[in-house]
Amino acid sequence: MKGLTSMNIPLKATSTKVLKHGRVLLVYPTLITEAPITLAMLASVMQKEGFTVSALVNTFRRPLGIGDYISAAKEFEADIVGIRMLTYNVLNTYKIIKALKGEGLMVLVGGPHATDRPEEVISYGADIVIRNEGEDVLRDLCQYWNGREDLSLEAIGGITYRDVNGKVRSTATRPILRDLSALPPPDLDVFDIDVFRQSDGLIKGFHRIYTSRGCPGRCTYCDLNVFGQKLRFWPVSAVIDEIKNRIEKYGITSFTITDDCFTISKKRVYEFCEQISEISPKVVWRVNSRANLVKREMLKVMKEAGCHMIIFGLESGDPETLRKVKKDVKLEDNINAPLIAADVGMQVYANLMTGFPWETVENVNNNLKLIHEIWDAVYL
């Protein structure tokens, strides 16, 4: 990779089961404005296995340099540093990995880029790459490090690692998590809350709630490798309990449902609306949706239950582009859905893309036509 030389170092850390402190520092090195809830979800799994976990996040409020990651790991007395990796930050992440390995730390890497390019990540110094979903893999790794005699790295599905002979090995792909209710709730206290607290008391990121994983869409621009296309749900009652917990503990009354598409199951939408309506004081919330998965009746029920905003992934106003990216949504749906949502009283956001390799002036003009069609409905 330009700008860096892969290290190809035989690493002994992955072969040991004895950790000095049993402490893990989870790192999000890509600049972000809010606490990444995914790290809190992983932390809970490791804590359940007896590990002490903290999270370090690179934020616009408090940007971090490589030295900051080293200092934090030393201060926390971490044995392991786990890194969530995104493709557009790979060069900096590889520098962080190199620095951490120079301090003798074990480095785990997960996330979209690591899932897609595990051997590459290992070649730049990582001890273990966790592919796809991380919770079950981390649980097994924790048990392995804790000395479970019948468990070896070769038997842990969903990882790529360098063995004691220096050879890169990938175990079998792990089946997706089917029972999300078996996961412990996220531990938000692993974050330095003051980094994310605003002057009005809002703790950025703590408002995000997942009710499902996976997306049945086939859109070509989306990387589905981590959570897959099989849709899975948390029990609505568990989601409501988590909302109540955050209201009580952090004073949050405004939530973002972070699912790729909240409205896939009409029955579930109605069940959620019924239960969240019973919370007192009333909370407000917002969701993401595809344009072809909403009807006026559903949107009215959602609005009455406190949903004040909906974000549509329209992507394009050009029929050819919609077909080529396999959006499986008609142009008329992309026009009608924002208009109906605005009419029932919701704020509407629309996500659009342009600049695909095949697009001509005509394709781009069709995008502009869509913008004009929904201009009065979309929140500015």
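Analyst: The structure holds 0 disulfides, a disulfide being a pair of cysteine sulfur atoms within 2.5 Å. Cys273 is in no disulfide, and the nearest cysteine sulfur, that of Cys307, is 7.4 Å away. The model is predicted: local features need pLDDT of at least 70, side-chain atom pairs count only at pLDDT 80 or more, and totals for chains, interfaces and linings use all residues. Residues are numbered from 1 along each chain as its sequence is written, and side-chain values use heavy atoms, with hydrogens and water left out.

Cys273 has a relative accessible area of 2%, so it is buried (under 20% relative accessible area; exposed is over 50% and partly exposed lies in between, with a 1.4 Å probe and protein chains only). Cys142 has a value of 0% and is therefore buried.

Next come the aromatic rings. A search of the whole structure finds 10 aromatic pairs (rings of Phe, Tyr and Trp, the last by its six-membered ring, with centres within 6.5 Å; planes under 30 degrees apart are stacked, over 60 edge-to-face, the rest tilted). Phe191 and Phe196 have ring centres 6.0 Å apart and planes at 80 degrees, so this pair is edge-to-face. Both Phe191 and Phe196 are buried. Another edge-to-face pair is Phe262 and Phe272, at 5.3 Å centre to centre and 75 degrees between the planes. Phe262 is in the loop between strand 11 (254–257) and helix 9 (266–276), and Phe272 is in helix 9, 10 residues apart (helices are DSSP runs of H or I with at least four residues, strands are runs of E with at least two, numbered from the N terminus). Phe262 counts as buried because its relative accessibility is 7%; Phe272, at 2%, is therefore buried. Elsewhere, ring pairs link Phe191, Phe196, Phe206 and Tyr250 into a cluster.

Strand 6 (residues 159–162) is covered on both faces, with Ile159 and Tyr161 buried on one side and Thr160 and Arg162 buried on the other. Strand 6 runs antiparallel to strand 5 (residues 128–130), joined by 3 bridges (strands pair if DSSP finds at least two bridges between them). In that pairing, Ile130 stands opposite Ile159. Strand 6 is also antiparallel to strand 7 (residues 168–170), again through 3 bridges, and Arg169 is the bridge partner of Tyr161. The hairpin of strand 6 and strand 7 has 5 residues between the strands, and Gly166 takes a positive phi near 90 degrees there.

Ser44 is in helix 1 (residues 37–48) and is buried because its relative accessible area is 5%. Apart from neighbours within four places in sequence, Ser44 is in contact with Pro184, Pro185, Pro186 and Asp187 (contact means heavy atoms within 4.5 Å). Arg197 lies in the loop between helix 7 (193–196) and strand 8 (208–209); at 36% relative accessible area, Arg197 is therefore partly exposed.

For the chain, 51% of the 380 residues count as buried. Its C-alpha atoms fill a box of roughly 60 × 50 × 40 Å along the principal axes. Of the contacts with a separation of 6 or more, 72% come from residues 24 or more positions apart.
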